[in-house]
Amino acid sequence: MARIDVSEIITGPDFQDSVTLIRRTSVINSSGRNVLAESSSTVKMIVQPAKPDDLKRLPDSVRRRDAINVWYRGELSADADGQYPDIVVWNSKRFQVYTADPFGNWANGTGYTEAICALIEAGYNA
């Protein structure tokens, strides 16, 4: 386990923004149809613009969109294994999580997740 404790930075109010985190799941409605259900909560994250090297990690079709890099003291989900990616609402814009790298071994085992999120274009529901 890593012994560096980054919790002071990750939880420092000078570095954090209040954002809305939207978790999405698939549920069956009363008509027997599969629908997307969203639940939201207000959380604290560090939000920074994505760097050019970060953008290289995104799919080609997404690289021209605005993107942010976030650090969150908890788990974030990208599109994988039947899960819908989380959505981060920051500055009234919706960003979809494309990469989520867990660093749970930092801060004495109570680490964080670093994620690259890309702007969801108007009318597009990922």
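Author: A nonpolar core is here a set of buried Ala, Val, Leu, Ile, Met, Phe, Trp, Tyr and Cys residues joined through side-chain atoms within 4.5 Å, where buried means under 20% relative accessible area, with a 1.4 Å probe and protein chains only. The model is predicted, so that local features need pLDDT of at least 70 and side-chain atom pairs count only at pLDDT 80 or more, while totals for chains, interfaces and linings use all residues. Residues are numbered from 1 along each chain as its sequence is written, and side-chain values use heavy atoms, with hydrogens and water left out.

The largest nonpolar core has 16 residues, of which Leu21, Met45, Val70, Leu76, Val88 and Cys117 touch the most other members. At least two residues of this core come from each of strand 1, strand 2, strand 3, strand 5 (93–103) and strand 6 (112–119), strands being DSSP runs of E, at least two residues long, numbered from the N terminus. Val88 is in contact (heavy atoms within 4.5 Å) with residues that include Val19, Leu21, Met45, Phe95 and Cys117, leaving aside neighbours within four places in sequence. Apart from this core lies another, of 6 residues, with Ala50, Leu58, Ala67 and Tyr98 among them.

As for the strands, two of them pair if DSSP finds at least two bridges between them. Strand 1 (residues 17–28) and strand 2 (residues 34–49) pair in the antiparallel sense over 12 bridges, with Val19 opposite Val43. Strand 2 is also joined to strand 3 (residues 67–72), again antiparallel, by 4 bridges, and there Gln48 stands opposite Asn69.

Definitions and conventions:
Buried means under 20% relative accessible area, exposed over 50%, partly exposed in between (1.4 Å probe, protein chains only).
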